[in-house]
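Here is a short tour of one protein model. Keep the sequence and the 3D view open while you read.

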Amino acid sequence: MTHPLQLGLDTFGDVTVGEDGQPLPHAQVVRDVVEQGVLADRVGLDVFNVGEHHRDDYAISAPDVVLAAIAARTERITLGTAVTVLSSEDPVRVHERFATIDAISGGRAEVTLGRGSFTESFPLFGFDLADYEVLFEEKLDLFVALQGEGPVSWSGTTRRPLVDARLYPRPEAGPLPAWVAVGGSPESVVRAARHGLPLMLAIIGGEASRFAPFTDLYRRALAQLGRPELPVGVHSPGFVADSDDEAREVLFPHFKANRDRIGRERGWPPASRAEFEREADHGALVVGSPETVAAKIAATVRTLGLSRFDLKYSNGPLPHARLMRCIELYGTEVAPRVRELLAEDPVPAR
C-alpha cells in the first residue's frame with residue numbers, strides 16, 4: 001500500500017523581528033502565524049502545523065487556538081501540530097479540542113503527539129521530570145483508546161481512571177488522525193508501531209540516510225505486529241528564497257541566533273558558518289532556491305520512502321515578510337517541482 005505524498009509547513013511561532021530589527025510582541029507574532037497559515041492554504045500546500053512551547057522565544061503556547069483561527073479562514077489545508085507535548089497535557093482535553101477544530105474546519109484537523117525537546121511545560125503544569133517516560137507512555141495509550149467509537153474505560157498511574165467515558169464532539173469522519181513524533185530512538189519508533197500510529201521523524205541534523213534504519217525498523221515492527229503499512233513523515237528545518245545565495249545569506253544570521261540561544265542552555269558551542277554550510281550542502285537543512293529545495297526534498301522522500309515532508313520554515317527571528325515569500329515559493333514552485341521529480345524517478349517500493 002502506498003500513501004500519496006503530502007507537502008507541509010511547520011512553525012513554532014518563533015519570535016520574529018520587525019523592520020527596525022527589534023523583536024515583535026508575541027501577540028503580533030501570533031497574528032502573523034495566522035496569516036502564514038492562510039497563505040499556505042491559498043498556494044495549495046497540503047498541511048500547516050503549529051508547535052507548542054512555553055518560553056519567551058516562541059509565541060505559541062496554545063496551538064489549538066491558533067489552528068482554530070486558521071481553520072475559520074481556510075478551505076482545504078490540513079491543520080495540525082508540531083508537536084503537542086502530550087506528557088504535560090490531558091489526552092481527554094487534547095482530543096476534545098482537536099475534535100472541535102475538526103468540526104470548525106470540516107474534517108481537516110490532525111495532531112502530532114510527542115514528548116517535546118523542551119521541558120518547560122513540566123514544572124509549569126506541575127509534572128515531575130522523573131516521570132518523563134511513564135507520562136508519555138500512559139497518556140499515549142489513553143489517547144489511542146479515545147480514538148475508538150465507543151465508551152472508554154482506562155486506568156493508569158498518572159491520572160484518575162475513566163469508566164465508560166464518552167467524548168464530545170466526535171470527529172465526523174472517523175478517528176482523529178494522529179502521528180507520533182520521534183527524535184531518533186529505536187524505543188520511540190517501536191512505540192509508534194505498537195500503537196498503530198504514523199511516524200513523524202524530526203531530522204534536524206545530519207544526512208537523511210542516517211535515519212533509514214529507523215524507518216526500516218518501523219516498517220518491520222508494523223509487519224511483525226500484523227499492522228498495515230502506515231505513513232512515515234519527516235520534519236526538517238529550511239528556507240526558500242529566489243536564489244541559493246539569497247537563501248543562505250538571509251537565513252544564516254537568524255539560524256545562528258536561534259541555535260546559539262538554545263546552545264547556551266544546553267552547552268553547545270556557537271554555530272559557525274562552516275557548520276551551517278555543511279548542513280545546507282549535505283545535512284538536514286533544506287535551504288536554497290526552489291529548484292535546490294525541491295531536489296533535496298525529493299531525494300529525502302526517495303531515501304526514506306516518505307508520505308509526508310514538512311519544512312520547518314520559521315527559523316529564529318527571520319522576519320514575517322521573508323517567511324511569507326518562503327511560503328509562496330514553497331507552494332507555487334517547490335511543491336510542483338518535487339512531484340515532477342518523483343514522477344520522473346519514483347519512490348522505490350518498500
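The model is predicted. Keep that in mind throughout.

## Helix pairs

Two packed helices are described by the angle between their axes and the distance between the axes.

| Helix pair | Angle between axes | Axis distance |
|---|---|---|
| α5 (residues 132–146) and α6 | roughly 20° | within 11 Å |
| α6 (residues 186–195) and α7 (residues 212–224) | roughly 35° | within 9 Å |
| α8 (residues 244–266) and α9 (residues 273–282) | about 115° | 11 Å |

Start with α5 and α6. Their axes cross at roughly 20°. That angle is why α5 counts as roughly parallel to α6. The crossing of α5 past α6 is right-handed. On the α5 side, the contact uses E133, F136, E137, L140, D141 and V144. On the α6 side, R191, R194 and H195 meet them. By class, this contact holds three nonpolar residues, one polar residue and five charged residues.

Helix α6 also packs against α7. Here the axes come within 9 Å and cross at roughly 35°. This crossing, too, is right-handed. From α6 come P186, V189, V190, A192 and A193. From α7 come F214, L217, Y218, A221 and L222. Which classes of residue make up this contact? The contact of α6 with α7 has 10 nonpolar residues, no polar ones and no charged ones.

Helix α8 passes α9 in a right-handed crossing. Helix α8 brings R248, E249, L251, F252, F255 and R259 to the contact. Helix α9 brings R273, E275, F276, E277, A280 and D281. Charged residues number seven in the contact of α8 with α9, nonpolar residues five, and there are no polar ones.

## A cavity and a pocket

How many cavities of 30 Å³ or more does a search of the whole structure find? The search finds one. The largest cavity holds about 50 Å³ of space.

Its lining can be traced residue by residue. T11, G13, D14 and T16 line the largest cavity, along with V29, D32, V33 and Q36. Two helices, α1 (26–42) and α11 (320–344), each supply at least two lining residues. Which helix gives the most to this lining? Helix α1 does, with four residues. Across the lining of the largest cavity, six residues are polar, three are nonpolar and two are charged.

Next comes an open space. The second largest pocket has about 380 Å³ of space. Its lining counts 23 residues. Nearest the centre of this pocket lie A109, E110, P177, A178 and W179. The lining of the second largest pocket divides into 12 nonpolar, seven polar and four charged residues.

## Backbone details

Some local features of the backbone deserve a look.

First, the cis peptide bonds. The bond from A82 to V83 is cis, with omega near 5°. V83 sits in the loop between β3 (78–81) and β4 (84–85). The bond from Y168 to P169 is also cis, and its omega is near -5°. To find P169, look in the loop between β7 (162–165) and β8 (178–182).

Then turn to D164. What is the phi of D164 near? Phi of D164 is near 50°, a positive value in a residue other than glycine. D164 lies in strand β7. The loop that holds P169 lies between β7 and β8.

How values were computed:
Residues numbered from 1 in each chain as written. Predicted model: local features only at pLDDT ≥ 70, side-chain atom pairs only at ≥ 80, totals over all residues. Heavy atoms only, no water. Axes fitted to C-alpha atoms, helices over the stretch in contact; angles between N-to-C directions. Left-handed = near helix turned anticlockwise from the far one by under 90°. Contact = heavy atoms within 4.5 Å. Nonpolar A, V, L, I, M, F, W, Y, C, P; charged D, E, K, R; others polar. 1 Å grid on protein atoms, 1.4 Å probe; cavity = no way out; pocket = protein on both sides within 12 Å on 5 of 7 lines; lining within 4 Å. Points joined across faces, edges and corners; volume = space filled by probe spheres on them. Parallel < 35°, antiparallel > 145°, perpendicular 65-115°, else oblique.
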